[in-house]
Amino acid sequence: MSPLQRPAVLRLVPRPAPPAAAAQRVLAGGLGPRLPGILLAACVPLAVYLLDLSLRDEQGFARLSLWFQPLAVKALAVLLVWAFAQHLLMGVRHLLRDLRHTRVLATSTRADWPVRLCGVGVALLAAGIWL
Amino acid sequence: MRLGKTGQPLWLLRSTSATGMAVFFVFVIAAIAVLPLRTYTQWHEWVAGPLVSLGIFIFFAALLTHVWLGLREVALDYAQTAGLRRMLLGLLAAGLLATAAWVAWILIRVQS
């Protein structure tokens, strides 16, 4: 079966479920764990634009510095740092688990929590520096 | 219609691109911390260096490959019909190729 024809069993909007089951499903499956990566991917054109602007001329470089002054932009940058940290740490965790062949579905969700907390910790650190 | 390889080659490509990006990211953070890159001239000269330009090019090649692999999975998992998947993947490929061309143009302009 080609990738294009493989069965689509995942739903963007899950069916109604009891609150605990719904929360578990949001955290363990569905689109939830992929959101940081999707957010980062959506920001790639913005990153290229910022690189372009910073290298265009001196005015562009100066304008870029000014853009990062407002609090809202700094808050957005902290959000992106969180997404980046979350994505990177989860990626490292998945890689290590794959290399050790210790991927166990039943325990994976529980063991995700320290990684999530580390991601939040990195974002708080960035917030402490910038805000 | 087959869209590239699946399974271990994709896992290897994703892991390699992620590792390469992480290494370059550490290099950039270290450079910003150590080198004086506070003015346009300093920043421009640093990026225009052949090794840094090559590093940026390889970084974006890895990044766009990584984005393709990740969003391809999302499209294949969540788009319900083959037609929709084909359209989303086509748009994604076009967007990533345009971004690659944009990065190449920036790096060529910096060299001149």
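Analyst: The account below takes the interface first, then the salt bridges, then the nonpolar core and one histidine.

This is a predicted model, in which local features need pLDDT of at least 70 and side-chain atom pairs count only at pLDDT 80 or more, while totals for chains, interfaces and linings use all residues. Residues are numbered from 1 along each chain as its sequence is written, chains are lettered from A and ligands numbered from 1 in the order in which they are written, and side-chain values use heavy atoms, with hydrogens and water left out.

Across the interface, 42 residues of chain B are in contact with 33 residues of chain A, contact being defined as heavy atoms within 4.5 Å. The size of an interface is often given as the accessible area lost when the parts come together. Here the buried area between chain B and chain A is about 3200 Å², with carbon and sulfur atoms giving 68% of that area; buried area is the accessible area (1.4 Å probe) that two parts lose on being put together, summed over both. Tyr40(B), Tyr78(B) and Trp102(B) supply 23% of the area that chain B buries against chain A, more than any other three residues.

Between chain B and chain A there are six residue pairs in polar contact, both residues at pLDDT 80 or more. A polar contact is a pair of N or O atoms within 3.5 Å; within protein, one must be able to donate a hydrogen and the other to accept it, and residues adjacent in sequence count only if both atoms are side-chain atoms. On the side of chain B that touches chain A, the elements giving two or more residues are helix 1 (8-34), helix 2 (40-48), helix 3 (50-78) and helix 4 (82-111) of chain B. Helices (H or I, at least four residues) and strands (E, at least two) are DSSP runs, numbered from the N terminus. Helix 3 of chain B provides the largest share of that side, 13 residues. By class, the side of chain B that touches chain A has 25 nonpolar, nine polar and eight charged residues, where Ala, Val, Leu, Ile, Met, Phe, Trp, Tyr, Cys and Pro count as nonpolar, Asp, Glu, Lys and Arg as charged, and the others, Gly among them, as polar.

The charged pairs come next. Side chains of opposite charge can pair when their charged atoms come close. The structure holds four salt bridges over all chains, and two salt bridges are counted between chain B and chain A; a salt bridge is a side-chain nitrogen of Lys or Arg within 4 Å of a carboxyl oxygen of Asp or Glu.

One of them pairs Asp77(B) with Arg34(A) at 2.7 Å, N to O. This pair crosses between chains, from helix 3 of chain B to the loop between helix 1 (19-28) and helix 2 (35-42) of chain A. Asp77(B) is buried, with a relative accessible area of 14%, whereas Arg34(A) is partly exposed at 26%. Buried means under 20% relative accessible area, exposed over 50%, and partly exposed in between (1.4 Å probe, protein chains only).

Arg109(B) meets Asp52(A) in a salt bridge at 2.8 Å, N to O. Asp52(A) also forms a salt bridge with Arg56(A), the closest N and O atoms being 3.4 Å apart. Both Asp52(A) and Arg56(A) lie in helix 3 (residues 44-56) of chain A, four residues apart, about one turn of the helix. Asp52(A) is buried, with a relative accessible area of 3%, while Arg56(A) is partly exposed at 36%. Salt bridges that share partners join Asp52(A), Arg56(A) and Arg109(B) into one network.

In chain B, Arg72(B) and Glu73(B) meet in a salt bridge at 3.7 Å, N to O. Arg72(B) is buried, with a relative accessible area of 3%.

Of the 28 residues in the largest nonpolar core, Ile56(B) and Phe60(B) touch the most other members. Helix 3 of chain A, together with helix 1, helix 2, helix 3 and helix 4 of chain B, gives two or more residues per element to this core, and its largest share, eight residues, comes from helix 3 of chain B. A nonpolar core is a set of buried Ala, Val, Leu, Ile, Met, Phe, Trp, Tyr and Cys residues joined through side-chain atoms within 4.5 Å. Not counting residues up to four places away in sequence, Ile56(B) touches Leu51(A), Phe24(B), Val47(B) and Leu107(B).

His66(B) is also found in helix 3 of chain B and counts as buried at 16% relative accessibility. Leaving aside neighbours within four places in sequence, His66(B) is in contact with His87(A), Arg14(B), Ser17(B), Ala18(B) and Met21(B).
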